[in-house]
Amino acid sequence: PQGIGSPSVYHAVIVIFLEFFAWGLLTAPTLVVLHETFPKHTFLMNGLIQGVKGLLSFLSAPLIGALSDVWGRKSFLLLTVFFTCAPIPLMKISPWWYFAVISVSGVFAVTFSVVFAYVADITQEHERSMAYGLVSATFAASLVTSPAIGAYLGRAYGDSLVVVLATAIALLDICFILVAVPESLPEKMRPASWGAPISWEQADPFASLKKVGQDSIVLLICITVFLSYLPEAGQYSSFFLYLRQIMGFSSESVAAFIAVLGILSIIAQTVVLSLLMRSIGNKNTILLGLGFQILQLAWYGFGSEPWMMWAAGAVAAMSSITFPAVSALVSRTADADQQGVVQGMITGIRGLCNGLGPALYGFIFYIFHVELNELPMPESSSGGTVVAQYHLQQNSIIPGPPFLFGACSVLLALLVALFIPEHTNLNVRSSNWKKHCGSHGHPHSPQAPGEAKEPLLQDTNV
């Protein structure tokens with residue numbers, strides 16, 4: 001097969017690192033361009049852009065996964081990386097086209113799904129947890145350093161250089177896939193011809209969600225995931241814009257915040273999580289993580305000073321233990337042949353939240369009139385008074401209303417999670433799942449259990 005060496009996890013790691021390093025460089029320039037392009041209703045437009053992208057990714061991920069079973073992983077790695085990075089050079093050419101292409105690129109912005117399938121092709125089942133953890137840690141590492149580098153270069157040489165550098169890294173990623181990445185899916189594992197039919201069940205994004213109500217324990221887990229991840233998805237889409245424009249963080253401060261939060265999250269998901277799982281158990285770890293998430297969202301919602309944001313960020317890092325704990329709970333309670341089905345349900349719900357959360361946050365910001373119209377005025381002679389009046393107005397109401405809504409949502413998730421039993425064998429309660437397992441996923445696909453895990457910074461596999 002074309003490529004350098006035999007397929008390995010390191011090929012996948014490099015692809016992920018380069019893609020997200022390129023986007024990380026653009027963190028600060030994107031916040032500026034977003035405000036300049038949509039000076040009115042900035043949060044609403046940001047939520048709509050990210051919401052459309054998330055929903056399109058949710059709808060297209062199963063189809064792209066099924067097609068990669070037929071045509072191989074390398075071609076779809078190339079396709080997803082190309083379309084995910086296509087908007088980057090448009091930032092300086094045409095901001096309107098930049099945001100339009102970002103939202104539409106959600107159709108192909110599912111690199112992680114293909115990467116995890118690639119990893120599943122070349123690893124044994126007992127090796128996958130470590131391999132997935134390495135990929136997720138690489139994603140975190142790329143975002144720890146790149147926003148700070150982008151902010152520094154933008155301040156010293158201008159945003160145009162940052163865009164050119166991000167474009168060059170994206171092109172390097174594409175060239176690496178073309179030249180160095182070997183195909184991971186053997187020919188013998190593929191159908192006899194490219195004309196092999198793809199069933200609707202394989203491409204149906206709602207297929208996994210339809211089985212949620214078939215088992216009461218899985219239903220409780222899925223409701224917990226939905227109520228807790230919906231505000232988190234919205235928070236990730238708008239929080240750095242909120243820090244930059246409402247809380248007055250500089251580009252360097254935002255980059256430092258991302259770096260510190262990423263490092264603390266990695267520590268929380270490795271050292272702290274393992275200690276908690278051994279000492280207080282799986283369910284109690286989930287409850288503790290939800291408790292931290294409620295605290296950090298409430299702190300973000302009422303916080304009006306920069307130091308409050310930093311303190312709440314440390315709590316947010318601790319709340320990142322929730323999803324690894326949920327993933328571990330599902331892995332322990334489901335049989336080996338049901339892992340893909342159960343994890344697929346959780347992944348489907350999280351994908352849905354990636355579309356609904358940003359739009360919901362943007363709409364709540366819009367309802368509560370949290371806008372940026374007053375911010376460009378401090379250069380005038382009365383600028384100090386204007387800014388003071390603006391902050392007085394923001395302090396007289398709730399500074400971050402969506403975060404308080406999120407805290408209420410996670411509180412409901414905590415109440416639901418209280419009813420999840422600590423030790424349960426889902427096999428007893430899910431005898432009719434096996435007939436669904438056979439109809440889902442390509443019959444030749446070796447990666448069913450792994451492909452279902454959605455890779456995010458706070459969802460590494462334990």
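Q: What does it mean to call a residue buried, exposed or partly exposed?
A: A residue is buried when its relative accessible area is under 20%, exposed when that area is over 50%, and partly exposed in between, with a 1.4 Å probe and protein chains only. This is a predicted model, in which local features need pLDDT of at least 70 and side-chain atom pairs count only at pLDDT 80 or more, while totals for chains, interfaces and linings use all residues. Residues are numbered from 1 along each chain as its sequence is written, and side-chain values use heavy atoms, with hydrogens and water left out. Of the 462 residues of the protein, 56% count as buried.

Q: How many residues of H7 are buried?
A: Helix H7 (residues 111–122) is mostly covered, with 11 of its 12 residues buried. Among them are Phe 112, Val 114, Val 115, Phe 116 and Tyr 118, and also Asp 121.

Q: What span is expected of a helix, and what do H7 and H1 reach?
A: The expected span is 1.5 Å times one less than the number of residues in the helix. H7 reaches 17 Å from its first C-alpha to its last, close to the expected 16 Å, and helix H1 (residues 9–25), with 17 residues, reaches 24 Å, close to the 24 Å expected. In H1, 14 of the 17 residues are buried, so this helix is largely enclosed by the rest of the structure.

Q: How do the axes of H11 and H13 cross?
A: Axes are lines fitted to C-alpha atoms, for helices over the stretch in contact, and angles run from 0 to 180 degrees between N-to-C directions. The axes of H11 (residues 216–246) and H13 (residues 282–302) come within 12 Å and cross at roughly 35°. A crossing is left-handed if the near helix is turned anticlockwise from the far one by less than a right angle, and right-handed if clockwise; the crossing of H11 and H13 is left-handed.

Q: Which residues of H11 and H13 meet?
A: Contact means heavy atoms within 4.5 Å. On the H11 side the residues include Pro 231, Glu 232 and Phe 239, and on the H13 side they include Leu 290, Leu 297 and Tyr 300.

Q: Where does Trp 310 lie, and what is it in contact with?
A: Trp 310 lies in helix H14 (residues 306–319) and, at 34% relative accessibility, counts as partly exposed. Leaving aside neighbours within four places in sequence, Trp 310 is in contact with Phe 249, Ser 253, Ala 256, Phe 257 and Val 260. Trp 310 and Tyr 300 are 10 residues apart in sequence and 9.6 Å apart in space, C-alpha to C-alpha.

Q: What is a salt bridge, and how many does a search of the whole structure find?
A: Side chains of opposite charge can pair when their charged atoms come close. A salt bridge is a side-chain nitrogen of Lys or Arg within 4 Å of a carboxyl oxygen of Asp or Glu, and a search of the whole structure finds one. The side chains of Arg 155 and Glu 252 form a salt bridge at 3.1 Å, N to O. Arg 155 lies in helix H8 (residues 128–157) and Glu 252 in helix H12 (residues 251–279), so the pair ties together parts that are 97 residues apart in sequence. Arg 155 is exposed, with a relative accessible area of 58%, whereas Glu 252 is partly exposed, at 30%.

Key:
Helices (H or I, at least four residues) and strands (E, at least two) are DSSP runs, numbered from the N terminus.
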